[in-house]
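Biologist: I would like to learn how to read a structure like this one. Please show it and take me through a few features.

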There are 2 protein chains.
Amino acid sequence: MELNETLKKQLDHRTIRAFKEQILSQEQLVTLLEVARHTSTSMFMQGFSVMHITDPKKRAAIRNISTQPYVGANGDLFIFMVDLYRNYQIRKQTGHDAGRVHTTDIFLQAYEDTVLLAVQNVLNAAESMGLGGVILGSINNDPAKLVEVLDLPKLTYPVLGLQVGVPDQAPQLKPRLPLEFIAFGNDYPKDFKASDLKDYDEVVQTYYDLRDANRRIDSFTNQVIGPKLSVASKKRDEQVKVLKAQGLCLDFN
Amino acid sequence: MELNETLKKQLDHRTIRAFKEQILSQEQLVTLLEVARHTSTSMFMQGFSVMHITDPKKRAAIRNISTQPYVGANGDLFIFMVDLYRNYQIRKQTGHDAGRVHTTDIFLQAYEDTVLLAVQNVLNAAESMGLGGVILGSINNDPAKLVEVLDLPKLTYPVLGLQVGVPDQAPQLKPRLPLEFIAFGNDYPKDFKASDLKDYDEVVQTYYDLRDANRRIDSFTNQVIGPKLSVASKKRDEQVKVLKAQGLCLDFN
């Protein structure tokens, strides 16, 4: 089977964090937003929105929250958010009650079926156009602050940022877990043995070794047992509180 | 700007629910799984797995849960799941504690950065290969039952199904909310007016009207104010309980 251009890009995906000093053309911008708009949506509820943040002050505030210097530097910055405000307003303004907009079920549907699928769809689109991008989970290092910076109404919640632009770096492809560890048939393999990762750990160590002499040389196992899964950026655990303050997942207790 | 093949497919996305009686070749299957494997992942934690369900009994059980006759009929069926079991085992088997695997923060990272992005990436890949697909949120109509059917360990949680195959239908493109309602600049428009959807409502009504004489003719506004956001499939709200039973989101209260 010959790989088409879409597959080639997908299998060759690497995160780009350094962009040239050049913004998207209006045509590119609209195309990316159109792709977001055409992403699958659960029950046709279309429960998401995307903000394109160009205001230098807001970009700086988001950079401070994420604590990553490349956030809001070169490139175009988007914030993808759960948006049940719009549908709530439709219900309210036509004389209906809130229905189930405050439930975790409806939140998760908006979360997964539009926000996240749309992010990947837009990233694929950007990469197909020769651009690069980075998905920003770090925008939620201080979720209360982010809601304040973006001045968001209740029933919205920013989930991920996406920064795209013209790549100004050419990173190596990062070696992922071999398929046998992540893709299964009818039975989930509960007898997973951490020691089976030995070969993969060596591949990952070599990757870091070659990539940057200044970075720690770290196997996958060492990353899993290290601070990434042990130490919280303190305010990240406030996501739960902020979700509820936004009127979402009120049944989660 | 000329649209490349990736963009054309994305802007032309439509859900396919009817497939020919033909399964993926081994090469196609592996390519799709490889694309999932190459999707962006938060903190490199790779906290997801995918199951390829071929067992007719399990397919029937999943169809019963989803209550949709096309689920597990023709086409290949995948279940994408949050999988923190593997990383927990790595920590445990190397003498470490569970760290933050039980937190909502880590759950949401696994949820968004791999499970959902991977689903869209695989769907795009399938569509680029001339296949069609449907994302299945309905697998969680009875989450406790689904965990039982798939015999999943704690710290895993099935999020979405994806069924792909050779299309046996050619549905119309479904009209989405115009960009002005979902894509914003620096400021979120809190002054949204439901009455501004009048034109769009008419477009949606026409779409249903043309699509199938047997389907209700329904505007977007009518769908938002109707049972989709008011009436729960009872067990869907058990997602919260099942997540906790799986040892996930234990800090959510």
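Biologist: How many residues has helix H5 of chain A, and what does it reach from its first C-alpha to its last?

Modeller: This is a predicted model, in which local features need pLDDT of at least 70, side-chain atom pairs count only at pLDDT 80 or more, and totals for chains, interfaces and linings use all residues. Residues are numbered from 1 along each chain, chains are lettered from A in the order in which they are written, and side-chain values use heavy atoms, without hydrogens and water. Helices (H or I, at least four residues) and strands (E, at least two) are DSSP runs, numbered from the N terminus. H5(A), residues 104-128, has 25 residues and reaches 35 Å, close to the 36 Å expected (1.5 Å times one less than its number of residues).

Biologist: Which strands form the open sheet, and in what order?

Modeller: Strands of a sheet pair through backbone hydrogen bonds, either parallel or antiparallel. Here the order is S3(A)-S4(A)-S2(A)-S1(A)-S5(B), with mixed pairing; two strands pair if DSSP finds at least two bridges between them. S1(A) and S5(B) run parallel, joined by two bridges, and A:Val50 stands opposite B:Ala183.

Biologist: What area do chain B and chain A bury between them?

Modeller: The size of an interface is often given as the accessible area lost when the parts come together. For chain B and chain A that is about 10800 Å² (1.4 Å probe, summed over both), 61% of it on carbon and sulfur atoms. B:Phe44, B:Tyr188 and B:Leu229 supply 8% of the area that chain B buries against chain A, more than any other three residues.

Methods:
Buried area = accessible area lost by both parts, 1.4 Å probe.
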